[in-house]
Amino acid sequence: MTTSSSDRGVSLGMPELPAPAYPEDVRVRLETDAREVIARYPDSRSALLPLLHLVQAEEGHVSRTGMQFCADMLGLTTAEVTAVATFYTMYRRRPGGEYQVGVCTNTLCAVMGGDAIFEELQDHLGVGNGETTDDGKVTLEHIECNAACDFAPVVMINWEFFDNQTPESMKRLVDDLRAGRLVMPTRGAPLCTFKETSRILAGFPDERPGAVEAGGSAGPASLVGLRLAKGEAAPARVVHPRGEGPRDEAPHDPSPAEHLSSHDAPQDTSASDPAHPSPTTRDGGGSPRPSDAAGPVAEEGE
């Protein structure tokens with residue numbers, strides 16, 4: 001006696017149907033924008049990345065329809081377009097929220113409080129990694145290094161920086177986003193929706209008043225290497241004996257324009273593991289010395 005594949009619970013599957021086309025008015029509008037993008041490059045296939053941002057600006061993610069559109073405009077196969085769209089994490093593969101909240105959980109941000117921020121936001125929003133709130137406003141995800149370690153822990157909302165965050169400050173931020181209240185990044189252009197951000201990343205101008213003039217820079221710790229490369233002398237850094245503060249030195253009084261980092265001027269953040277806080281505190285307390293079975297280990301110079 002033989003059994004069919006359906007009897008055995010095996011599905012042979014059906015070939016996936018071709019992606020549906022955009023509605024005529026959408027296709028015409030996107031083609032106009034796409035030709036403008038393609039004209040910037042000597043080789044048309046070099047325009048693939050901005051075109052993927054363009055179709056993401058249309059739907060909020062890169063759909064099969066969007067990938068087929070890119071392939072048609074550039075004379076590529078859908079396999080070639082899919083290979084690129086699935087490689088870069090800035091391209092969504094499924095619908096998401098108006099605001100993509102990315103919490104850096106790489107090493108430094110994690111130990112400075114990024115892990116705690118991510119865990120508390122999951123509980124506060126009722127979503128997991130890569131999931132979107134029921135109102136369609138916020139998609140939460142953990143992301144890799146944002147190259148802003150001197151502002152750790154860092155959160156990016158639609159790729160704009162929010163520095164020196166804490167679980168409480170981030171819960172207020174996401175509540176404001178969901179309520180439609182104005183939210184300003186720590187530095188950079190004013191916040192806009194994910195679709196608007198994608199269009200800007202496709203290479204189209206940000207026409208909002210003041211957006212182009214808005215700016216921000218890396219913190220002093222990040223700029224030391226640049227200053228050295230320019231031949232500037234690095235400022236002397238005094239390392240005091242453990243447990244002791246500065247001697248006969250005037251306290252640093254930053255100017256209002258100076259953008260302090262979490263290292264140059266520590267901000268209140270939550271420890272990654274509140275149940276096991278670091279013995280080093282910001283009020284000058286020193287950390288205990290390492291020890292072994294024979295007693296405390298002498299440190300270098302003692």
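## Salt bridges and a buried helix in a predicted model

Glu31 and Arg35 sit four residues apart in helix H1, which is about one turn of the helix. This is a predicted model, and that pair is a handy place to start reading it. The two side chains form a salt bridge, with their closest N and O atoms 3.3 Å apart. An α-helix has 3.6 residues a turn, so residues three or four places apart point the same way. Glu31 counts as buried because its relative accessibility is 16%, under the 20% cut-off for that class.

### The chain as a whole

Before going further into the details, here is the overall picture. The protein chain holds eight helices and seven strands. Of its 302 residues, 34% are buried. The chain exposes about 18200 Å², and carbon and sulfur atoms supply 54% of that area. Taking contacts between residues at least 6 apart in sequence, 65% join residues at least 24 apart.

Searching the whole structure turns up 14 salt bridges. Side chains of opposite charge can pair when their charged atoms come close.

| Salt bridge | N to O distance |
|---|---|
| Glu31 and Arg35 | 3.3 Å |
| Arg29 and Glu58 | 2.9 Å |
| Arg199 and Asp33 | 3.1 Å |

What distance separates N and O in the salt bridge of Arg29 and Glu58? The value is 2.9 Å. This pair links distant parts of the chain, with Arg29 in helix H1 and Glu58 in helix H2, 29 residues apart. Both partners fall into the middle class of accessibility: Arg29 counts as partly exposed at 39% relative accessibility, and Glu58 counts as partly exposed at 22%.

The side chains of Arg199 and Asp33 meet in another salt bridge, at 3.1 Å from N to O. Because Arg199 lies in helix H7 and Asp33 in helix H1, the pair ties together parts that are 166 residues apart in sequence. Asp33 is buried, with a relative accessible area of 11%, whereas Arg199 is partly exposed, with a value of 33%.

### Helix H2 and its surroundings

Helix H2 covers residues 48-59, and its twelve residues reach 17 Å from the first C-alpha to the last, close to the 16 Å expected at 1.5 Å a residue. Is H2 largely enclosed or largely open? Nine of its twelve residues are buried, so the helix is largely enclosed by the rest of the structure. The buried set consists of Leu48, Pro50, Leu51, Leu52, His53, Leu54, Val55, Gln56 and Ala57.

Which helices do these buried residues pack against? Their partners are helix H1 (24-38), helix H3 (64-74), H4 and helix H7 (194-201). Helices H1 and H7 are also the ones that hold Asp33 and Arg199. Just after H2, Gly60 takes a positive phi of about 90°.

### A nonpolar patch on the surface

Leu49, Phe87 and Tyr88 form a nonpolar patch on the surface, and together they have about 310 Å² of accessible area. Phe87 lies in the loop between helix H4 (78-85) and strand E1 (99-104). With 60% relative accessibility, Phe87 counts as exposed, the cut-off for that class being over 50%.

### A buried glutamine in a loop

Gln165 is in the loop between strand E5 (160-162) and helix H6 (167-179). Is Gln165 buried or exposed? Its relative accessibility is 7%, so Gln165 counts as buried. Its side chain has two polar neighbours to look at. A polar atom of that side chain lies 2.8 Å from the backbone oxygen of Asp163. The side chains of Gln165 and Ser169 are joined by a polar contact of 2.7 Å.

Arg227 is partly exposed, with a relative accessible area of 34%. Leaving out residues up to four places away in sequence, Arg227 touches Pro220 and Glu232.

Methods
Residues are numbered from 1 along each chain as its sequence is written. This is a predicted model: local features need pLDDT of at least 70, side-chain atom pairs count only at pLDDT 80 or more; totals for chains, interfaces and linings use all residues. Side-chain values use heavy atoms; hydrogens and water are left out. Patches are made of residues with over 30% relative accessible area and no salt bridge: like charges are joined within 9 Å, nonpolar side chains (Val, Leu, Ile, Met, Phe, Trp, Tyr) within 5 Å. Accessible areas come from the Shrake-Rupley method with a 1.4 Å probe; for residues, only the protein chains shown count as cover. A salt bridge is a side-chain nitrogen of Lys or Arg within 4 Å of a carboxyl oxygen of Asp or Glu. Helices (H or I, at least four residues) and strands (E, at least two) are DSSP runs, numbered from the N terminus. Buried means under 20% relative accessible area, exposed over 50%, partly exposed in between (1.4 Å probe, protein chains only). The expected span of a helix is 1.5 Å times one less than its number of residues. Contact means heavy atoms within 4.5 Å. A polar contact is a pair of N or O atoms within 3.5 Å; within protein, one must be able to donate a hydrogen and the other to accept it, and residues adjacent in sequence count only if both atoms are side-chain atoms.
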